Amino acid sequence: MSDPPTAPDPDRLKDWEQRTEVPLFAAALVFLTGYTVRVLAPAGAQPWRDIALALVAATWLLFAVDYGVRLRLSGQGRHFVRTHRLDTVVLLLPLLRPLRVVKLYTAVQQRREQPRMSLYARVMTYAGITTVLLGFSAALAVYQQERGAPGSTIRTFGDAVWWACATLTTVGYGDAVPVTPGGRVVAAGLMACGLALLGAVTGSFSSWLLQVFTREDEKRPPESV
C-alpha cells in the first residue's frame, strides 16, 4: 500500500519558492556556462571540459533537489507532475528555466485589481532576458547537433546564432536550417517558446498602452456642447 500524500503546507511552499527563485536562476546561468564550455571548447581543452561537465551535473542535481522539495511541500504526490508541467519540463531541460516568465504573466492577467505598471515592466524585461538566454541556448544545442552532419548548413556557431535569431523572430529566411533529428527537435521547441514569449510581451505592452490611454481620457475635461 502506498503512503498517503503529505499534508500540503502552502505557506512553507511559497516561502521556499520565494527564497530559491533567484539562487536557482543563478544556478541556471552556471549550467549554461558549463554547457557552453562543453560545446565550444576544443576536444583537447582539458581540464576545462571536465570542470564544465561537473558544473552541469552539480547544477542539475540542485534543480532535482528543488523539485523534490516542492513536490513534498505541495502534498500533491504524483499529481504535482500534472499540475506543474512547466516545472517538470524545466527539470528535464534546465536551459528552459527562464520560461517561468509565463507563470508570472499569467499571474498578472488573473489579478482582480488593476495591475501596476511596474508589473508589466517586469514581465517585458524578464521576457527580453529570457529570449536572449533561450536563443543562445538553442544556438548551442543546434550547433552541437549540426556541426559535421552531412548536408548541414549550420557549420559554425555564428551560423547557429543567426538561425536562432531568425527562428525567434519568426522571420525564417531558410538559409540556415537544421537537418538532423535532434536539431529539428530543438528548432520545434524554440518556435513554441518564441511564440509564447512574443505573446507575453505583446499582451503586456498592449495592456499597458490601454491603461495609459484610459488614464489620459479620464483626465481630459469633458467637451462643452
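This section describes the helices of a predicted model, the packing between them, and several individual residues.

The chain contains eight helices and zero strands. Read in sequence order, its elements follow the pattern α-α-α-α-α-α-α-α. Of its 225 residues, 36% count as buried. The accessible surface of the chain amounts to about 13,900 Å², and carbon and sulfur atoms contribute 64% of that area. Among contacts in the chain with a separation of 6 or more, 65% are accounted for by residues 24 or more positions apart.

Helix H1 spans residues 10-40 and helix H2 spans residues 48-74; their axes come within 9 Å and cross at roughly 160°. Angles over 145 degrees count as roughly antiparallel, and H1 and H2 are therefore roughly antiparallel to each other. H1 passes H2 in a left-handed crossing. By class, the contact of H1 with H2 comprises 19 nonpolar, four polar and seven charged residues.

The loop between H1 and H2 holds Pro47. The peptide bond from Gln46 to Pro47 is cis, with omega near 5°. In general, most peptide bonds are trans.

H2 also packs against helix H4, which covers residues 85-92. The angle between H2 and H4 is about 155°, and their axes lie 9 Å apart. That angle makes H2 roughly antiparallel to H4. The crossing of this pair, H2 and H4, is left-handed. On the H2 side, the residues that meet H4 are Trp60, Phe63, Ala64, Tyr67 and Arg70. Their counterparts in H4 are Asp87, Thr88, Leu91 and Leu92. The residues of the contact of H2 with H4 divide into six nonpolar, one polar and two charged. Arg and Asp are classed as charged, and the contact includes Arg70 of H2 and Asp87 of H4.

H7 contributes Trp163, Ala164, Thr167 and Leu168 to the contact. From H8, the contributing residues are Val186, Ala187, Leu190, Met191 and Gly194. By class, the contact of H7 with H8 has seven nonpolar residues, two polar residues and no charged residues. Gly is counted among the polar residues, and Gly194 of H8 belongs to this contact.

Phe136 lies in H6, which runs over residues 117-146. With 29% relative accessibility, Phe136 counts as partly exposed, because that class lies between the limits of 20% for buried and 50% for exposed. Apart from its neighbours within four places in sequence, Phe136 is in contact with Leu32, Thr36 and Phe157.

Arg147 is placed in the loop between H6 and H7. Its relative accessible area is 35%, and Arg147 is accordingly partly exposed. Leaving aside its neighbours within four places in sequence, Arg147 is in contact with Val39 and Ile154. Arg147 and Thr180 are 33 residues apart in sequence, and their C-alpha atoms are 9.9 Å apart in space.

Pro150 is found in the loop between H6 and H7 as well. Pro150 is exposed, with a relative accessible area of 78%. The C-alpha atoms of Pro150 and Thr180 are separated by 8.9 Å, and the two residues are 30 apart along the chain.

Conventions:
Residues are numbered from 1 along each chain as its sequence is written. This is a predicted model: local features need pLDDT of at least 70, side-chain atom pairs count only at pLDDT 80 or more; totals for chains, interfaces and linings use all residues. Side-chain values use heavy atoms; hydrogens and water are left out. Axes are lines fitted to C-alpha atoms, for helices over the stretch in contact, and angles run from 0 to 180 degrees between N-to-C directions. Helices (H or I, at least four residues) and strands (E, at least two) are DSSP runs, numbered from the N terminus. Angles under 35 degrees count as roughly parallel, over 145 as roughly antiparallel, 65 to 115 as roughly perpendicular and the rest as oblique. A crossing is left-handed if the near helix is turned anticlockwise from the far one by less than a right angle, and right-handed if clockwise. Buried means under 20% relative accessible area, exposed over 50%, partly exposed in between (1.4 Å probe, protein chains only). Contact means heavy atoms within 4.5 Å. Accessible areas come from the Shrake-Rupley method with a 1.4 Å probe; for residues, only the protein chains shown count as cover.
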